[in-house]
Amino acid sequence: KDRFYLVIFVDVSSHISLSYLCFMLLFFFQPKPAVLEQMGTTQFERLKTEFSYKQWHLKKSNQVSTDQLRQISWPWVWSSRFQLGNSELKMTMVTRFATMQRQKEEYEKEIVATDPRELSLNKQSLFGITDTQIVFDYHLQRKARFLTDWFIGLGFSLPTGKNQLRPVDVELANQFYSEVLDFQISRLGEGFNRGISLFTTHRFSTLCIAVGGNYLVKGKYSVLPNQLYKPGNESHLQAATLWKGQLFSWRNNLGFRHYSHDSFGEQTWFQQGGEILGDTSLTLNFPRGQLFIGQHLINRLRNSQIDGDRFGLQIRNTNSNFRQSRLGGRYHISPLIQIELRYERLFILPNENKIGRASVRHTSFSVSAQFRDYLWANAGCSIGQGEMQALKSNANVTVISPATTSAPEGQIRLNGLSFWVGVRQNFDLHKIN
C-alpha cells in the first residue's frame with residue numbers, strides 16, 4: 001500500500017509543484033497598496049474552495065454485476081479584482097485536485113440454487129491535479145449616462161495536469177467523460193489552451209441585452225506515449241436577454257458553438273458537429289425567497305470523419321440532443337442563512353440510429369450561511385436516479401451506417417449520491433500588508 005502511494009506521488013509531484021508555484025506568484029507578487037492608491041485603484045481579494053464527493057452505481061438489467069464510479073473533487077479559486085476608476089479588472093486562477101475510482105463487481109458463475117456466488121472486485125483508480133486556469137476579465141464601465149458596457153476576456157490553461165495516461169487509465173477516464181453522469185472533472189490534463197472573449201451589454205429601464213462571443217485555441221498533448229492529439233478549436237457566439245421586474249425576472253440565452261477538426265498525429269480524422277444552445281429561466285420573487293423554473297436545450301449537428309480517403313459528413317447523425325428541466329425554490333431563514341431545494345430532470349434523446357437514450361432525475365438540498373462580513377460557507381447533498389442505454393460498440397467501424405451501428409445491449413439502472421462543503425473568504429490586502 002505504501003509503495004503504491006509513493007509511485008503515484010512521484011508521478012504527479014512535478015505537476016503539483018508547478019501549480020503551487022503559480023498560486024504563490026499570484027499571491028505574493030501583488031501590487032502594493034500604496035502603489036494602488038497612487039493609481040486611484042481599489043483591490044479586492046477572494047479565495048473560494050469546495051470539497052465534493054459523487055458516486056454512481058450502474059447495473060445492467062440483464063446482469064447481476066454492478067459498476068461503481070466515485071470521484072472526489074477539490075477546486076481552489078483565487079480571484080483578485082481591481083477597480084480602476086470607471087473600469088474594473090478581474091484576475092482569476094483555478095486549479096483542482098480530483099480522484100477517479102472504479103470498482104466493478106462481477107459474478108464469475110451463474111446463479112443457481114446450489115452454487116454460491118463468487119465475487120471478484122476489479123478496482124481502478126487515478127488521481128492528481130488538473131490544468132491550472134488563469135483568466136483576465138476587463139470591464140469597461142463608462143459614465144453613468146452611458147448604458148452600454150464592454151467586457152474583454154483573456155484566458156490561459158497551463159498544462160499542469162496529467163495528460164499522458166496508461167491504456168488502462170484511459171479506459172478509466174472514459175467512464176467519467178459522460179454527459180449523463182455529469183462528473184465535475186473528466187480529464188486531469190490537456191495541452192496549453194488559450195482563449196479570448198468579447199461581449200457588450202446595453203441596459204434599458206428593466207431590460208438588459210448582451211451579445212458577444214469567444215474563441216478557444218486548444219493545445220496539443222500526448223494521450224498515449226508517442227501519440228500526439230490535437231483537439232479542435234472552439235468558437236462560440238451568444239446572445240442573452242434579462243428582464244428584471246419587482247415581481248419576477250426572465251432570462252433567455254441563445255448561442256451556437258462551432259468546432260474545428262481534430263487531428264491525431266499528422267492526420268485529420270474527426271470534426272465534431274456544431275451545437276445550437278438555448279436556455280430560459282423564469283424566477284418569481286416573494287418577500288423571503290424565490291421560486292424558479294428553467295429549461296436548457298442543446299441540439300447537435302452531424303459530425304465529419306474519414307471515410308476511406310474522403311473526409312465528409314456522417315451518413316446519419318450519431319450525436320444525441322440534450323434536454324434539461326429544473327424547478328426549485330430558495331428561502332431566507334434569516335438575513336444570513338438561505339436554503340435551496342431543487343429538482344432536475346435530464347434527457348438524452350436517441351440519435352438518428354435510435355440509440356443513446358438516457359434519463360436522469362436529481363433532487364438536491366443546499367444551505368448557505370454568512371458568518372462574518374468576509375466569510376461565507378455552503379453545504380448540500382443530491383440524490384440521483386435514472387436509466388441509460390447500454391451500447392456494444394465496434395471499434396473497427398469507421399463509417400456509420402444502419403448495418404454497422406452500435407447495437408443496444410439493454411438498460412443500465414443508475415443510482416447516485418453526492419455531497420459538497422465549501423467556504424468563501426474575502427481578504428483586505430491593505431490590512432495584510
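Which residue lies over the face of W376? R424 does, at 4.2 Å from the ring centre. A charge counts as over a ring if NZ of Lys or CZ of Arg is within 6 Å of the ring centre and within 35 degrees of the ring normal. The charged end of K54 likewise sits over the ring of F183, 5.9 Å from its centre.

The model is predicted: local features need pLDDT of at least 70, side-chain atom pairs count only at pLDDT 80 or more, and totals for chains, interfaces and linings use all residues. Residues are numbered from 1 along each chain as its sequence is written, and side-chain values use heavy atoms, without hydrogens and water.

The count of aromatic pairs comes to 10. Rings of Phe, Tyr and Trp (its six-membered ring) pair if their centres lie within 6.5 Å; planes under 30 degrees apart count as stacked, over 60 as edge-to-face and the rest as tilted. The F176 and F183 rings have centres 4.6 Å apart and planes at 55°, so this pair is tilted. Both F176 and F183 are buried (under 20% relative accessible area; exposed is over 50%, partly exposed in between; 1.4 Å probe, protein chains only). Ring pairs also join F51, W74 and W76 into a cluster.

Q389 lies in strand 22 (strands are DSSP runs of E, at least two residues, numbered from the N terminus). Q389 is buried, at 16% relative accessible area. A polar atom of its side chain lies 2.7 Å from the backbone nitrogen of G356.

Methods: Helix = DSSP H or I, 4+ residues; strand = E, 2+ residues; numbered from the N terminus. Polar contact = N/O pair within 3.5 Å; in protein donor to acceptor, adjacent residues only side chain to side chain.
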